[in-house]
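Please open the model in the viewer and keep the sequence panel beside it.

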Amino acid sequence: MRKIFRYCSSLGSYCPYTIFAKKAIRFARGDYAKEDITDRERYLLGHVKSGLGIALIGVFCPIFWLSLFSGAKAETLYFNAAHSGIVILIGCIYSIKYYWDLVKERNRINMMG
C-alpha cells in the first residue's frame, strides 16, 4: 500500500513546471553534478515519465471535462469517461512496465557492484 501511495504522490514531480522549477533552482545554486545513473536507467526513467504524461492526458482530457461541465447526456458522459479511462489505463500500464524494468536494472547493477 505504501508503494502505491508513494507512486501516486510522485505524479506531481513529473509535471513539466515542477521539473523546470527544480532545474532552475539547481542551476541557481550551482549544482551541476550529474546524477550517478547509467544511460539504460536514464532511458527507462524517460519512458516512465512518458507513461505518466500519457496518463495525465487522460485525466485532464478537455473533451471529458467540457461534456461534464456543459451538462451533456449521461450516455455521452459515460462514453467520454470510458475513453479517458482507457487513455489513463494505457499510460499507467506503460509507466508500470518501464518502472518494473528500471527496478530490475537497478537490482542487476547492485548485484554486480
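Begin by selecting Val103, which lies in helix α5; helices here are DSSP runs of H or I with at least four residues, strands are runs of E with at least two, and both are numbered from the N terminus. The model is a predicted one, in which local features need pLDDT of at least 70 and side-chain atom pairs count only at pLDDT 80 or more, while totals for chains, interfaces and linings use all residues. Residues are numbered from 1 along each chain as its sequence is written, and side-chain values use heavy atoms, with hydrogens and water left out.

Val103 has a relative accessible area of 27% and is therefore partly exposed; buried means under 20%, exposed over 50%, and partly exposed in between, with a 1.4 Å probe and protein chains only.

Next, display the second largest pocket, which holds about 520 Å³ of space. Its lining comprises 15 residues, and those closest to the centre are Lys3, Arg6, Tyr7, Tyr99 and Val103. A pocket is an open set of points on a 1 Å grid over the protein atoms alone, where a 1.4 Å probe fits, with protein on both sides within 12 Å along at least five of seven lines; lining residues have an atom within 4 Å of a point. Grid points are joined across faces, edges and corners, and the volume is the space filled by probe spheres set on them.

Helix α5 gives the most, with 7 residues. By class, the lining of this pocket has 10 nonpolar, 2 polar and 3 charged residues. In this scheme Ala, Val, Leu, Ile, Met, Phe, Trp, Tyr, Cys and Pro are nonpolar, Asp, Glu, Lys and Arg are charged, and the others, Gly among them, are polar.

Remain on helix α5 and select Gly85, which is placed there. Gly85 is partly exposed, at 33% relative accessibility. Cys61 is 24 residues away from Gly85 in sequence and 9.8 Å away in space, C-alpha to C-alpha. Cys61 itself counts as buried, at 13% relative accessibility, whereas Cys92 is partly exposed at 25%. The structure holds 0 disulfides, a disulfide being a pair of cysteine sulfur atoms within 2.5 Å.

Now select Phe64, Trp65 and Phe69, which form one aromatic cluster. Rings of Phe, Tyr and Trp (its six-membered ring) pair if their centres lie within 6.5 Å; planes under 30 degrees apart are stacked, over 60 edge-to-face, and the rest tilted. The count comes to 3 aromatic pairs. The ring centres of Phe64 and Trp65 are 5.1 Å apart and their planes stand at 75°, so this pair is edge-to-face. Phe64 is buried at 15% relative accessibility, and Trp65 is partly exposed at 33%.

Finally, zoom out to the whole protein chain, which has 5 helices and 0 strands. Of its 113 residues, 18% count as buried.
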